Amino acid sequence: FIPETVRRTARRLGVRTEASYRFERGVDPEGTVSALDRAAALLVELAGGQVSRGVIDQYPHPLQRPPIVLRTERVTALLGTAMTRQEIAPTLRRLGATVTRHRRGLWHVVAPSYRADLTQEADLIEEIARLRGYDTVPTLLPRAALHGSEQDQDGFWHKRIRTCLTAQGMVEMLNLSFTSPRLNTLFPGLLPEAASIAIVNPLSTEDSELRRSLLSNLTRALQHNIRQGASSVAAFELGKVFSQERTARQQQERWHLGGVVWGAVPAAELGGKPRMADFWDLKGILEALFETLHCEAHIRWERAGEVPFLHPGKSALLTADSTMIGCMGGLHPGHSAELGLMQPPWVFELDCTALLHYARVATRYQSLPRFPAIVRDLAIVAEEELPAQAVVDVVKELAHPWIINIQLFDLYRGGSIPAGKKSLAYSLSYRASDRTLTAAEVNAVHTQVVTHIVHTLGVEVRT
């Protein structure tokens, strides 16, 4: 009397009989005695047999059908018309069901054994409508409560990211989340200490793991485009990456943003010659993205250490409040050689979850300055290892209200500069909000700034 067992056995043995056809579609287990009575009646009628009194029935575990809870208000809600208890109970009893009133507006209904299709409340309501007559159910427009939906913050920012990057000339790629174990090894993502997640039933033996980095499939797509004759590729992908801890085996997935830039960059002027993409093209794209998210003040560019998939001398780490949010730079020469890329591409990958923590919707506006700015230049001789950002950070530490901007405009090596050192030239702008500064006032503040830089960083002022 278990349809699944009969169907499975008949298929395994390859035997299709009248009995298997009927029992695999469901036969009432409570109908055995009725069937025997009918068979005995036919024997008496057609064959002259005699029927013994009584029935021998070996039924150690009678079928127990659980009661179905039926609510009066639910009947009214689904049918769109009010029904009283005097209508509901008699209608269901016509099916052979046992109907018990539990409390006001609530019924416990036990369906007859021959109606195996009645398993939930909606089935009973459908039978009520059928027995009453579908023509008695009125046609009404459904009522729906309107609720103000909460804004999808991730969706809002993801849309802004896509709009910004496409405006920079990049195209969006949509790749599967599956990749090969080798590509997961080449591109371990921003968590190289984590482990990969194997797929139990992969679509192919090659793509048998979930990706740890978006760059694994982006570089594979780059290979395909180059084979198709593309002269330049600038693409990004916004999607999830997957990893798990090696000890606790706790799995996690995070939104990442990855991109690849390769090949020729169109000339800015009409009739100009295209040039090959470089580090600064990718840096400009990311800086435009940070300005769109209004988080550029939190982002720091630092010299990258040992990033497995990046060129050791052409890469950078991006941090925000000492938290790493991503990396960018040229693809490692070894990776480029293994992937068959004669010209290494420029790539980046950002932890979108960490980055959007610093994104801001509100934008502050201020009126244009009424008074002119005064500019002073500063050139220093520093050790080769000193990052240019260090000077900017030291000046910002002063938090002087007159200093409105500091910008690096020259880097020089050789000539009169000793070996192992470099010359850095900065432009500092000073402005007061209430009056025009005098030269003497600016010179005094500029001297204070130079002294602070020299004492803090141990550099020399170049004259």
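Mentor: Let's start with a definition: helices (H or I, at least four residues) and strands (E, at least two) are DSSP runs, numbered from the N terminus. This is a predicted model, in which local features need pLDDT of at least 70, side-chain atom pairs count only at pLDDT 80 or more, and totals for chains, interfaces and linings use all residues. Residues are numbered from 1 along each chain as its sequence is written, and side-chain values use heavy atoms, with hydrogens and water left out.

Trainee: Within what arc do the buried residues of H4 fall?

Mentor: An α-helix has 3.6 residues a turn, so residues three or four places apart point the same way. In H4 (residues 72-79), Thr72, Val75 and Leu79 are buried (under 20% relative accessible area, with exposed over 50% and partly exposed in between, using a 1.4 Å probe and protein chains only). They line one face of H4 because, seen down its axis (taking directions from the helix axis to the C-beta atoms), they fall within an arc of 55°.

Trainee: Which residues are exposed on the other side of H4?

Mentor: Begin with the buried residues, whose cover includes strand S1 (68-71), helix H5 (85-93), strand S3 (106-110) and helix H6 (121-132). Now turn to the other side of H4, where the exposed residues are Glu73 and Ala77.

Trainee: How far apart in space are Glu126 and Val75, C-alpha to C-alpha?

Mentor: Glu126 has its place in helix H6, and with 46% relative accessibility it counts as partly exposed. In sequence, Glu126 and Val75 are 51 residues apart, while in space their C-alpha atoms are separated by 9.1 Å.

Trainee: Is Thr81 buried or exposed?

Mentor: Find Thr81 in the loop between H4 and H5. Leaving aside residues up to four places away in sequence, Thr81 touches Val75, Thr76, Arg132 and Pro138. With a relative accessible area of 15%, Thr81 is buried.

Trainee: What is the relative accessible area of Ser322?

Mentor: Asp321 and Ser322 are found in the loop between strand S11 (310-320) and strand S12 (323-331). Neither is a glycine, yet phi is positive in Asp321, near 55°, and in Ser322, near 65°. Asp321 counts as exposed at 52% relative accessibility, and Ser322 is exposed with a relative accessible area of 78%.

Trainee: What word describes H13 relative to H14?

Mentor: Helix H13 (residues 388-398) and helix H14 (residues 439-457) have axes that come within 10 Å and cross at roughly 125°. Angles under 35 degrees count as roughly parallel, over 145 as roughly antiparallel, 65 to 115 as roughly perpendicular and the rest as oblique. Relative to H14, therefore, H13 is oblique.

Conventions:
Contact means heavy atoms within 4.5 Å. Axes are lines fitted to C-alpha atoms, for helices over the stretch in contact, and angles run from 0 to 180 degrees between N-to-C directions.
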